[in-house]
Amino acid sequence: MALHIHEACILLLVIPGLVTPAAISHEDYPADEGDQASSNDNLIFDDYRGKGCVDDSGFVYKLGERFFPGHSNCPCVCALDGPVCDQPECPKIHPKCTKVEHNGCCPECKEVKNFCEYHGKNYKILEEFKPSPCEWCRCEPSNEVHCVVADCAVPECVNPIYEPEQCCPVCKNGPNCFAGTTIIPAGIEVKVDDCNICHCHNGDWWKPAQCSKRECQGKQTV
């Protein structure tokens with residue numbers, strides 16, 4: 001009897017060693033964190049088609065409800081076929097707008113610079129200025145500068161001069177013309193040498209003087 005009990009104990013000690021890892025079922029142990037994470041990737045969300053709309057953040061809206069999906073500022077209405085969003089024709093932003101807000105469906109200009117820039121200088125709206133003696137300019141409400149350039153008449157002399165802060169040249173010595181290389185005044189006859197008397201053409205100051213020869217008054221010899 002003692003022999004049979006000893007053999008039974010040896011048999012019990014050998015049997016656990018015969019159990020292999022393949023014989024252990026995964027169902028007998030809870031899954032580790034990696035298995036749980038992979039199982040979460042296969043989650044199935046509810047299908048809201050025909051029932052509502054979902055925005056980018058996962059919020060659900062009822063049919064007929066207005067909402068703003070994602071980063072859009074244009075409102076949408078939840079319909080059976082999905083969101084129906086407003087797509088208005090937005091006005092153009094002023095090219096000189098300095099502050100644009102995007103709080104509404106369309107971008108809106110909140111600030112336009114209230115000055116004009118001309119040749120590196122700033123001028124107030126409706127300000128008048130003269131960048132040069134011949135120019136008269138004004139800063140328009142459109143932030144554009146409009147200028148008028150003076151139209152100078154043809155000077156009535158051959159030696160006009162420019163005075164400071166004056167646009168057009170002036171004839172300080174009055175009308176004149178050239179008689180050869182000599183400048184003579186207009187309106188009178190001028191004896192330019194011993195034999196020639198000249199006068200300027202009326203109105204055509206740029207033309208050479210008209211001269212006529214007279215009896216030469218040379219030096220008398222003794």
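This is a predicted model: local features need pLDDT of at least 70, side-chain atom pairs count only at pLDDT 80 or more; totals for chains, interfaces and linings use all residues.
Does Cys 211 count as buried, partly exposed or exposed, and at what relative accessibility?

The structure holds 11 disulfides, and I will discuss some of them. One joins Cys 198 to Cys 211, with an S to S distance of 1.8 Å. The torsion about that S-S bond is about 110°, so the disulfide is right-handed. Cys 198 belongs to strand β16 and Cys 211 to strand β17, so the link ties together parts that are 13 residues apart in sequence. As to the opening question, Cys 211 counts as partly exposed, at 40% relative accessibility.

Next, Cys 157 and Cys 171 form a disulfide with sulfur atoms 2.0 Å apart. Here the torsion is about -90°, so the disulfide is left-handed. Cys 157 is buried at 8%, whereas Cys 171 is partly exposed at 24%.

A further disulfide joins Cys 116 to Cys 139; with 80° about the S-S bond, this link is right-handed. Cys 116 lies in strand β8 and Cys 139 in strand β11, so parts 23 residues apart in sequence are tied together.

I turn now to the rings. The structure holds three aromatic pairs. Tyr 61 and Phe 67 are stacked, at 4.3 Å centre to centre and 10° between the planes, and both are buried. The centres of Tyr 118 and Phe 129 are 5.9 Å apart and their planes are at 55°, so that pair is tilted. Finally, Tyr 118, Tyr 123 and Phe 129 form one aromatic cluster.

Key. Residues are numbered from 1 along each chain as its sequence is written. Side-chain values use heavy atoms; hydrogens and water are left out. Rings of Phe, Tyr and Trp (its six-membered ring) pair if their centres lie within 6.5 Å; planes under 30 degrees apart count as stacked, over 60 as edge-to-face and the rest as tilted. Buried means under 20% relative accessible area, exposed over 50%, partly exposed in between (1.4 Å probe, protein chains only). A disulfide is a pair of cysteine sulfur atoms within 2.5 Å. Helices (H or I, at least four residues) and strands (E, at least two) are DSSP runs, numbered from the N terminus.
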